[in-house]
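Here are my notes on this one, as numbered points. Have the model open while you read.

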Amino acid sequence: RGAVVSFGLILGIVLIRPGLDLSLYPTDEVDYLEERGLAPVDNLSADGVTLIHREAVGNYLTYRYGGDASVFIDDRFDFYPLHVTRDHLTLLDGGDFAEVLDRRAGDVVLWSADETLSRWLEATDDWEIAIKNDDWVVACRTDSAVYFRCRS
């Protein structure tokens with residue numbers, strides 16, 4: 001009888017609480033990219049668009065698109081070659097942002113708004129900000145083949 005009561009209590013908690021809180025992820029920004037054919041997914045982005053993003057964004061992209069997601073990096077750092085992790089750390093901690101973004105052939109950057117990379121993207125003429133809010137920045141490389149779709 002105690003097991004039935006416990007099961008009922010647990011079931012009630014599960015049904016009352018939200019299953020997954022995506023409020024910290026860039027859901028609207030990824031919607032924006034998807035609407036323009038810029039999502040990092042093979043079947044949605046036929047142009048081979050390269051999206052550069054933080055590790056947490058990679059987690060969200062994998063959640064959203066499953067195995068079709070093409071992520072730059074996620075939080076499983078040990079799965080990535082050392083040069084990818086180093087590039088990610090440069091983008092996080094500072095360094096030659098242009099060199100990393102050029103080497104990675106990034107077309108679009110989706111990054112946390114309060115970080116140095118986002119401020120650099122705003123200041124350089126090589127990138128244009130398509131979205132900026134308190135949490136996220138979406139920037140488009142001005143000489144990319146997808147530039148006009150990115151900023152429309």
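1. Buried means under 20% relative accessible area, exposed over 50%, and partly exposed in between (1.4 Å probe, protein chains only). As background, nonpolar side chains tend to be buried together in soluble globular proteins.

2. Some housekeeping. This is a predicted model, so local features need pLDDT of at least 70 and side-chain atom pairs count only at pLDDT 80 or more, while totals for chains, interfaces and linings use all residues. Residues are numbered from 1 along each chain as its sequence is written, and side-chain values use heavy atoms, with hydrogens and water left out.

3. The overall layout: the chain has seven helices and four strands, in the order α-α-β-α-α-α-β-α-β-β-α along the sequence. (Helices, H or I of at least four residues, and strands, E of at least two, are DSSP runs numbered from the N terminus.) Of the 152 residues in the chain, 40% are buried. Taking contacts between residues at least 6 apart in sequence, 48% join residues at least 24 apart; contact means heavy atoms within 4.5 Å.

4. Have a look at helix α2, residues 27-35. Which of its residues are buried? They are Glu29, Val30, Tyr32 and Leu33. Viewed down the axis of α2, these buried residues fall within an arc of 150 degrees, so they line one face of the helix (the arc is that of the directions from the helix axis to the C-beta atoms). Asp28 and Glu35 are exposed, on the face of α2 turned away from its buried side. The cover over the buried residues includes β1 (51-53), α3 (55-65), β2 (108-112), β3 (127-132), β4 (136-141) and α7 (147-151). Just after α2, Gly37 has a positive phi of about 70 degrees.

5. Leaving aside neighbours within four places in sequence, Leu110 is in contact with residues including Glu29, Val30 and Leu33, along with Leu51, Arg54, Val57 and Trp136.

6. Now Arg54, which sits in the loop between β1 and α3. Arg54 is buried, with a relative accessible area of 16%. Its side chain makes a polar contact of 3.0 Å with that of Glu55. (A polar contact is a pair of N or O atoms within 3.5 Å; within protein, one must be able to donate a hydrogen and the other to accept it, and residues adjacent in sequence count only if both atoms are side-chain atoms.) Not counting residues up to four places away in sequence, Arg54 touches Ile73, His88, Leu92, Leu110, Trp111, Ser112 and Glu115.

7. Last, the cysteines. The whole structure has one disulfide, meaning a pair of cysteine sulfur atoms within 2.5 Å. Cys140 and Cys150 form it, with their sulfur atoms 1.7 Å apart. Cys140 is in strand β4 and Cys150 in helix α7, so the pair ties together parts that are 10 residues apart in sequence. The link of Cys140 and Cys150 is left-handed, at -65 degrees about the S-S bond, and both Cys140 and Cys150 are buried.
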